[in-house]
Amino acid sequence: MAEKDFKVKKGLIIGDLTSTGYVKVSTAGSAVTTSSTVPASDITGVLVASKGGTGVNNGSSTITLGGNLTTSGATTIGYSTHTVALLTTGNTSVTLPTSGTLATLAGAESLTNKKLGSLTTNGIVTTSGGDGTLSVTATTGSGNVVLATSPTLTTPTIGAATATSINGLTISSSTGTLTIANGKTATISNTLTFTGTDSSSVAFGAGGTVLYTSNNLGDLSSTTSAELAGVISDETGSGVLVFGTAPTFTTSIDGGATFGAFASSDNLTVGYTGTADSTINISTGAAGSGNTKTVNIGTGGASGSTTDVNLGSAEGGTVTVNNDLTVQGDLVVNGTTTSINSTTLSVDDKNIELASTASPSDASADGAGITVKGTTDKTFNWVDSSDAWTSSEHMELASGKAFYINGASVLNASTLGSGVTSSSLTSVGTITSGTWNGTTIAIANGGTGATTAADARVNLDLEIGVDVQAYSSILDDVAAGTYTGDDSITTLGTITTGTWNGTTIAIANGGTGSTTANGALNNLLPSQGSANGYYLKSDGTNASWAAVPTGAAGDLTGDTLSSGVLYSSLTSLGTLSALNIGGALTLKDSSTDAAKVEGVAYELTAATATAVDTITASGVQAIEYTVSLMQGTSTGMKMRTSKVLAHYNSGTGVVDYTEYGIVETGSSDMAGVSVEAALNSTNIELQVTVTDANTSTVTCRVLRTILL
């Protein structure tokens, strides 16, 4: 169907035009009907020739037009009080349907099976097919009629229109305004969304390209660091923008940062410039279980170059290494004191230099050596004034070892070396062999002070004929025991041999006054009288008998054995508050004669600290414990022994201890063992903790030794 302009008066409803025919309006004007032919009775009046008719009133006859019906001016077709007025300009064709109903202005008729034909402006169009209602309120413009499917508008002016889409463009309900200036074109090739607030506008500059979120900064013109900083908010720092390769930082870096290489020879300072306390972390970050992270500082130098790495401030502070420290090169410590708190110090070097200054001398080496901290310092130092190594403590060698000088033994446990030919000894033990080639031994030193027998007798007041009797045969007989001569000798010298066959020697003459041992004992002891059960006591000068003090049988209280009592056959003792042993102490089992020391065995069954020994701290300076732990059965036995040296400082009220000499035997090591000494109130406690004791009971035995 060709596109034509048309006008339809307001209120006209055309419907149910289902076939080609004519439209008839009822007399009352309330209905429109259609028919295939126009009844002759429905045509009244005269149709003039100039209008295409006969010009005559045909009455009830049918008027047939073989051509166009042309009118000029007003043409009125009326019936009763209703008229149909056709006002035409130019050539206009009106075709009435042959059947059906012609819709009226006020009716609700439907166009059935009709189509809109090709008519000029303000014409009425017939339709074919379709079923519905067409309502047009006004017409404007020119050209073809626009239908819903794929219309083409030629230079349209769309005023206040309501639509959902134009040529596939969806239009949402809106009261906004879209203005495109004359001669301008809006081309949108992709999805475009403008979102703004009131009074906002989007202006596109000339000669450029609109940026999208997928564009990068390379689509912009060159931008300086200052220009970029001017449009960024919430930034930190100032100055020029930093890139990864060879950047230059002019002041400081805050927060966490990761750096690669620094090509500049300028200093890199990582630190907090404020005055408050702060912490700077250089870390590899968190690591997963089993991972190893490496932090390299000062590595990667070129061949032949060196790198100096300084840690810590010259003003003070400490540098802490939380784990193993390996130094591949030389280690130089320039501080005043070097403290090593490890349990064992292992040095592979064969030689240790002390006092190694730029210009070493004996004076600068004075006092150099080793100091072991104890109740008092134990030192081994070089002393310049004596030009010798000096030890503050005893030197003890293991069995079978000796002191050597220039490869020759000079002293061992029992013998001076054969190369020792002179000495300044002031006392010696018993000399069983040897030849004296020294100076004359004075009488005061056990000699005679003389080199001849005669001079010796004079020096010893044994000069014959002056100090002693000259030779006599009688004296020979006396010495031989054959002297039978004079028996009235009142004075004798010292008799070294012989048998007394005389009468009993009285007590007054130095004898016992008795010929039996028991009689001699009773004669020499104080008189007992008739009492029995007394004991002998001494007041330091005289001995006397005294009644045994009241107490349990076998007790001896209130007195002390004399210091001269050196031996005893006692088989039991009470509580000894003090015992000084100058020699070896051997404790034996009476049944097996084997060495035996019995103590309490502690059964540790919980993984908590158990006090296995307690002693009052007052008056104790140092204690050595021997600790024995045993766990499991004979097939799965685990054993551990160790020594604990504890020292109590009464000034600070602290117990310092060291566990050493640890030995473990058995099917496996004893896990989670902790042995320590601590101060509990006024007592020193030895505490043992075994964390796997819940699995198997641990038996603990302790030997305590008080160190003087």
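Asn-381 sits in strand β10, residues 378-383. Strands here are DSSP runs of E with at least two residues, helices are runs of H or I with at least four, and both are numbered from the N terminus. This is a predicted model, in which local features need pLDDT of at least 70 and side-chain atom pairs count only at pLDDT 80 or more, while totals for chains, interfaces and linings use all residues. Residues are numbered from 1 along each chain as its sequence is written, and side-chain values use heavy atoms, with hydrogens and water left out.

**Around Asn-381**

Asn-381 counts as buried because its relative accessibility is 15%; buried means under 20% relative accessible area, exposed means over 50%, and partly exposed is in between, with a 1.4 Å probe and protein chains only. What does the side chain of Asn-381 reach at 3.0 Å? That would be the backbone oxygen of Gly-367. The side chain of Asn-381 also makes a polar contact with the side chain of Thr-379, at 3.4 Å. A polar contact is a pair of N or O atoms within 3.5 Å; within protein, one must be able to donate a hydrogen and the other to accept it, and residues adjacent in sequence count only if both atoms are side-chain atoms.

Leaving aside residues up to four places away in sequence, Asn-381 touches Gly-367, Ala-368, Gly-369, Ile-370, Ala-388, Trp-389 and Thr-390. Contact here means heavy atoms within 4.5 Å.

**The sheet that holds β10**

β10 belongs to an open sheet of three strands, ordered β9-β10-β11, with antiparallel pairing. β9 (369-372) and β11 (388-391) are at the edges, each with a single partner strand, so one side of each is left without a neighbour in the sheet. On average, neighbouring strands of this sheet are turned by 15° against each other, direction ignored. For such angles, axes are lines fitted to C-alpha atoms (for helices over the stretch in contact), and angles run from 0 to 180 degrees between N-to-C directions.

Two strands pair if DSSP finds at least two bridges between them. β9 and β10 are joined by four bridges, and Val-372 has Lys-378 in β10 as its bridge partner.

Strand β18 covers residues 622-631 and is mostly covered, with seven of its ten residues buried.

| Strand pair | Bridges and sense | Facing residues |
|---|---|---|
| β18 and β19 (638-649) | ten bridges, antiparallel | Leu-629 and Arg-640 |
| β18 and β23 (698-707) | ten bridges, antiparallel | Ile-623 and Ile-706 |
| β21 and β22 | eight bridges, antiparallel | Val-675 and Val-688 |

β18 and β19 form a hairpin with six residues between them, and Gly-632 in the turn has a positive phi of about 95°. In the hairpin of β21 and β22 there are two residues between the strands, and Ser-681 takes a positive phi near 60°.

**The nonpolar core**

Which residues have the most contacts inside the largest nonpolar core? They are Val-627, Leu-629, Ile-684 and Val-688, in a core of 23 residues. β17 (610-616), β18, β19, β21 (673-680), β22 (683-690) and β23 each supply at least two residues of this core. By definition, a nonpolar core is a set of buried Ala, Val, Leu, Ile, Met, Phe, Trp, Tyr and Cys residues joined through side-chain atoms within 4.5 Å.

Ala-355 has a phi near 55°, a positive value in a residue other than glycine. Ala-355 is in the loop between α1 (225-230) and α2 (362-365), and it counts as partly exposed because its relative accessibility is 30%. Asn-406 also has a positive phi, near 55°, and lies in the loop between β12 (403-405) and β13 (408-411). With a relative accessible area of 80%, Asn-406 is exposed.

**Confidence**

pLDDT is the predictor's confidence in each residue, from 0 to 100. The chain has a mean pLDDT of 74, and 65% of its residues reach 70 or more. Among the elements of the chain, β10 has the highest mean pLDDT (94), and strand β5 (residues 75-79) has the lowest (55). Over residues 1-15 pLDDT stays under 50, and the model has 65 contacts beyond four places in sequence for them. Residues 552-557 are also below 50, with one contact in the model beyond near neighbours in sequence.
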